[in-house]
Amino acid sequence: MGKITAAITGVGGFVPDYILTNEELSRMVDTTDEWIMTRIGIKERHILKGEGLGTSDIAIHAVNELLRKTNTKPEEVDMLICGVVTPDMQFPATANIISDKCGIKNAFGFDMNAGCSSFLYALVTASKFVESGTHKKVIVVGADKMSSITDYTDRATCPIFGDGAGAVLLEPCEDGFGVMDAKMQVDGSGRKHLHQVAGGSCYPASIETVTKRQHYIYQEGQPVFKAAVSNMADVAVEMMKRNNITPEKLAWLVPHQANMRIIEATANRMGIGKDKVMINIERFGNTTSATIPLCLWEWESKLKKGDNVIIATFGAGFTWGACYIKWAYDGSKFAK
Ligand code: UT7
């Protein structure tokens, strides 16, 4: 019997209908399409509208599509982890809410918050349960309603973020496909540059925290940018080296979509052209936990069995990491 690895066997995704364009943003704050395109590389992002709707309401579309495509019955799922920084509520976990809404009744699960790295952290964590043999159908979700913590009076952050969700199914594989290697890291001292001040136990919601707009994303762009470029590129290059993947042997880089310039810098350091990089930041913006599964979802039909894929991420925390996957199936079988 071969070693058990955790293989992705399907991908689902969803973005809400409403499209917030740079043109609309430039009527809300002092900005321009030219500035946003040059400095970040985003043209539009999708936003969830509707009273009382949260991250789970985006995620369930991705999970239901995944169940349908992979012919998986909800009751067969034995674990669901949700990477998320904008949970429906402080508690209970959004993973539980998604499971309930999708009829997943025989699973255990939890949320994982590693900033924009949440999906990759969740994927790597889930893969260990599959590799150990204890869990056989594991769903990993990356979902965020970033519009719920975005300050639409702050021009430095409001162009960046969008809402979305993606989900993958992980199953055991004995033929040498799936998650082959991963390296994840944190540096908590970076928290001062990117966080949400209020709403946690330090500063519970009060009239003062609301007045001071402390329930929104606080970001100092430049230190985050610098740390993202160096750490994401370093760990992606390390992943190539220690698995003997030359630029020619790499089929795809799947980078977190925070800024086009960060993506380009990472690809340059890896020695690969943009033709091998999944990029959809222009249409979706930074959907935080959802960027990576949304890329896999959009590129699924181009992915082939045996493709060498590297996922790389960086986020609030600071958190970062990379993962090497030998892709397990021809995505064209799911062509839309
Ligand atoms: O996903 C989690 C990790 N997050 C990231 O990776 C984000 C990393 N950081 C970034 O992507 C970039 O730092 C930003 C996109 C956030 C900002 O780009 P920047 O090139 O670092 O701009 P900056 O903050 O240094 O601002 C440059 C100038 C400033 O004006 P002055 O002081 O030079 O006169 C800003 O006030 O651009 C101004 N500015 C804007 N101008 C027009 C800031 N935001 C805007 C805007 N429109 N939306």
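Modeller: Before we start: Ala, Val, Leu, Ile, Met, Phe, Trp, Tyr, Cys and Pro count as nonpolar, Asp, Glu, Lys and Arg as charged, and the others, Gly among them, as polar. Also, this is a predicted model.

Biologist: OK. How do the residues of the shell around the ligand divide?

Modeller: There are ten nonpolar, seven polar and four charged residues in that shell.

Biologist: And which of them come nearest to the ligand?

Modeller: Thr31, Arg39, Gln222, Asn259 and Asn286 do, out of 21 residues around the ligand.

Biologist: Which helix gives the largest share of the shell?

Modeller: That's α7, with four residues. At least two residues each come from α2 (33-39), α7 (221-242) and α8 (260-270).

Biologist: So where does the ligand lie relative to the domains?

Modeller: Between domain 1 (5-176) and domain 2 (180-330), because both give residues to the shell.

Biologist: What about Gln222, how far is its side chain from an oxygen atom of the ligand?

Modeller: An N or O atom of the Gln222 side chain sits 2.5 Å from a ligand oxygen. For Asn286, a side-chain N or O atom is 2.8 Å from an oxygen of the ligand. Taken alone, the ligand exposes 960 Å², and the protein buries 73% of that.

Biologist: Switching topic: where is Ser117?

Modeller: In the loop between β5 (108-112) and α5 (118-131).

Biologist: Is Ser117 buried or exposed?

Modeller: Ser117 is buried, because its relative accessibility is 0% and the cut-off for buried is under 20%.

Biologist: Which residue's side chain does Ser117 make a polar contact with?

Modeller: Thr319, side chain to side chain, at 2.8 Å. Leaving out residues up to four places away in sequence, Ser117 also touches others, including Phe314 and Trp320.

Technical notes:
Residues numbered from 1 in each chain as written. Predicted model: local features only at pLDDT ≥ 70, side-chain atom pairs only at ≥ 80, totals over all residues. Heavy atoms only, no water. Buried < 20%, exposed > 50% of the residue type's maximum accessible area, 1.4 Å probe, protein only. Polar contact = N/O pair within 3.5 Å; in protein donor to acceptor, adjacent residues only side chain to side chain. Contact = heavy atoms within 4.5 Å. Near = heavy atom within 4 Å. Areas by Shrake-Rupley, 256 points an atom, 1.4 Å probe, with all protein chains shown as cover. Domains from an automatic or database assignment.
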